[in-house]
Amino acid sequence: MSKKSGTAIFFEALIAFALAFLLSFYDVFYSFDSLLRDKAYQQPRGINNKIKIVAIDDKTLQEIGPFGTWSRSVYADVIEKLGDYPAVIAMDIMVFGDMDSEGDEALRAACEENGRVISGSYINYTTAYKTDEKGKPYIDHFNIDSIEQPIIAGCTATGFVNASSDEDGIVRSAFLSEDFEGVTYKSFAATIYSKYCEFLGISENIPALDSNSRMWINYAGRPFDYEHISLSSVLDGSADPRIFSDCIVLIGAYASGLQDQFSVPNSADQMYGVEIHANIVQGLLDGKCPVPAPRAVSALSAAVIACCAYIVSRKMKLKFSTPAVIIIAVGCVGWCIALNSAGTAFPILYAPLCSVAYYLLNLMRKYAEQAAEKRKITAAFKKYVAPQVVEEIAKSGNYHIKLGGENRNIAVLFVDIRGFTPMSESLEPEQVVDILNSYLNLTTNSIFANGGTLDKFIGDATMAVFNAPFDLDDYIYRAVKTAWDIVSGGNAIESKFMERYGKSVSFGVGVNCGPAVVGNIGCDFRMDYTAIGDTVNTAARLESNAKRGQVLISESVYEQVKDRITVEPIGEIPLKGKSKGVFVYSLTGLNEEKTDEEKELVQ
């Protein structure tokens with residue numbers, strides 16, 4: 001790789017790094033990344049059987065009546081039925097304000113007697129405009145206006161039951177505590193967890209929190225996964241209270257009409273609030289509280305990985321870069337899942353997205369470069385091969401030439417201008433060039449009109465091959481036809497130069513066919529595509545023996561096309577460099593007329 005190209009790749013990789021870093025740092029595709037993280041991270045790991053739900057379900061509503069019309073003595077009865085079996089009884093029910101004094105008093109008495117009941121409070125949040133420690137203004141969407149306490153607050157421990165959702169309405173995190181007027185208030189789930197640890201006599205895990213002091217919920221179960229028993233079954237005694245022994249029992253809404261359902265990341269179905277509390281409690285018990293990585297760290301990680309993918313796809317061949325980028329993208333996802341399980345959540349989208357995007361960018365670049373190279377090759381071949389042949393081969397893509405040499409059966413044509421040397425001595429250089437270009441233009445157009453390959457110009461002579469480098473149908477007849485077109489065309493323009501300069505020239509042509517070695521001949525830094533061998537030498541000797549306006553063909557050529565041409569036998573003649581003579585024919589005509597298109601190409 002040149003120093004210049006290496007520098008270019010370095011700056012391109014630097015730009016790729018910066019773009020991936022900015023996309024990740026500013027979380028440009030937050031919603032989409034959140035959905036991917038939900039799919040990858042929020043896989044059920046199995047619910048804790050020590051967490052059970054007493055459900056206020058449709059059956060309960062049918063038997064007791066519409067929710068909100070009950071006397072609170074119903075809850076007192078439930079607590080009494082459960083007795084001392086549960087480790088904790090958590091009431092995810094709003095019992096604010098006085099209702100009926102008898103029922104309220106019964107509930108207070110039941111809570112005091114049990115001693116293990118937790119009730120829910122509620123924080124009223126408002127939006128407020130504040131300034132941070134540096135004096136920078138910001139909007140606080142979780143400014144606490146007031147906290148509503150249940151009527152049984154003095155008889156139970158309490159915790160706020162608020163559920164906070166992300167911008168897309170999905171509950172992924174929760175506050176475990178809030179400070180208000182110098183007092184720290186725990187959440188409902190955090191209070192349950194503390195009481196349960198106290199019951200078991202174990203120390204509490206200290207969960208990791210994000211920069212906003214939230215705990216990210218790693219859902220253990222999906223909606224309806226936790227064991228739930230209808231509240232009416234507890235009341236009528238059909239549910240044996242012993243099934244709740246040493247359990248965390250949450251009492252809460254479990255009917256769609258109670259409007260206590262939320263969107264969650266691990267299911268298309270909504271989850272009841274009591275189930276969300278159950279998942280938070282289990283996350284605290286299991287120590288499964290992954291915290292998002294610092295934004296700068298996650299952005300740097302994504303940028304480094306994407307930059308590596310860019311360099312790989314930029315420098316490697318397609319057959320290597322494709323699996324390499326796939327491994328990088330899949331590896332990123334697996335790495336993120338492993339880190340999440342270890343307690344640190346990384347954005348899952350940006351590194352694979354940028355890696356694949358950079359791969360596609362470099363893929364398009366390579367295709368563009370190949371297309372440009374193909375156009376250059378096509379343009380180059382058009383100088384040697386008939387343009388219509390090149391166009392057809394370029395469409396199929398079958399235009400590769402074998403490096404080195406290969407044996408092919410070909411037809412070879414040599415044509416030379418007779419009388420050119422003495423003519424050039426008597427004319428001005430510009431006149432000589434005019435005549436030479438006109439005649440060489442005729443030979444070139446005749447070769448291309450018949451699908452031949454222009455091998456080279458040798459002074460005032462021209463060499464052409466047929467059936468190389470590409471297969472050409474009826475190539476021997478095409479070579480003969482080209483020779484006849486050249487001689488016929490030379491007769492047509494001879495009079496023009498006689499009138500203009502008082503001079504004229506004509507052609508001598510030789511055609512032979514047979515095996516030859518064709519390919520790139522030369523050295524590493526200079527090579528030509530040509531044909532070599534006895535077949536080529538014989539064609540050259542035939543041309544040197546041809547008279548003005550004469551086409552000499554070998555016997556091998558004649559035998560292949562004798563039914564389509566008219567000839568005059570010359571007989572066996574000696575050729576320089578050959579021990580035996582060669583039987584030669586002089587071409588006198590073709591048995592078929594040229595088409596209008598062929599005539600136009602020759603002209």
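Predicted model: local features only at pLDDT ≥ 70, side-chain atom pairs only at ≥ 80, totals over all residues.
**Rings, a helix and a cavity**

Residues are numbered from 1 along each chain as its sequence is written, and side-chain values use heavy atoms, leaving out hydrogens and water.

Now for the rings. A pair of aromatic rings is described by the distance of the centres and the angle of the planes. Here, rings of Phe, Tyr and Trp (its six-membered ring) pair if their centres lie within 6.5 Å; planes under 30 degrees apart count as stacked, over 60 as edge-to-face and the rest as tilted. The whole structure has 17 aromatic pairs. Take F142 and F175: their centres are 5.3 Å apart and their planes at 70°, so this pair is edge-to-face. F142 is partly exposed at 28% relative accessibility, while F175 is buried at 11%.

Back to our opening residue: Y196 and F199 form a stacked pair, 6.5 Å centre to centre with 15° between the planes. Both lie in helix α6 (residues 188–200), 3 residues apart, about one turn of the helix; helices (H or I, at least four residues) and strands (E, at least two) are DSSP runs numbered from the N terminus. F199 is partly exposed, at 32%. Elsewhere, ring pairs link F21, F25 and Y26 into a cluster.

Next, helix α8. How many of its 14 residues are buried? The count is 12, so α8 is mostly covered. The buried residues include E275, H277 and N279. After α8 comes G287, with a positive phi near 70°.

Finally, a cavity. Which residues line the largest cavity? They are R37, D38, Y41, Q42, R172, W216, I217, N218, P290, P292, N340 and A345. On a 1 Å grid over the protein atoms alone, a cavity is a set of points where a 1.4 Å probe fits but cannot get out, and lining residues have an atom within 4 Å of a point. Helix α2 (residues 30–41) gives the largest share of that lining, 3 residues.

Terms used. Buried < 20%, exposed > 50% of the residue type's maximum accessible area, 1.4 Å probe, protein only. 1 Å grid on protein atoms, 1.4 Å probe; cavity = no way out; pocket = protein on both sides within 12 Å on 5 of 7 lines; lining within 4 Å.
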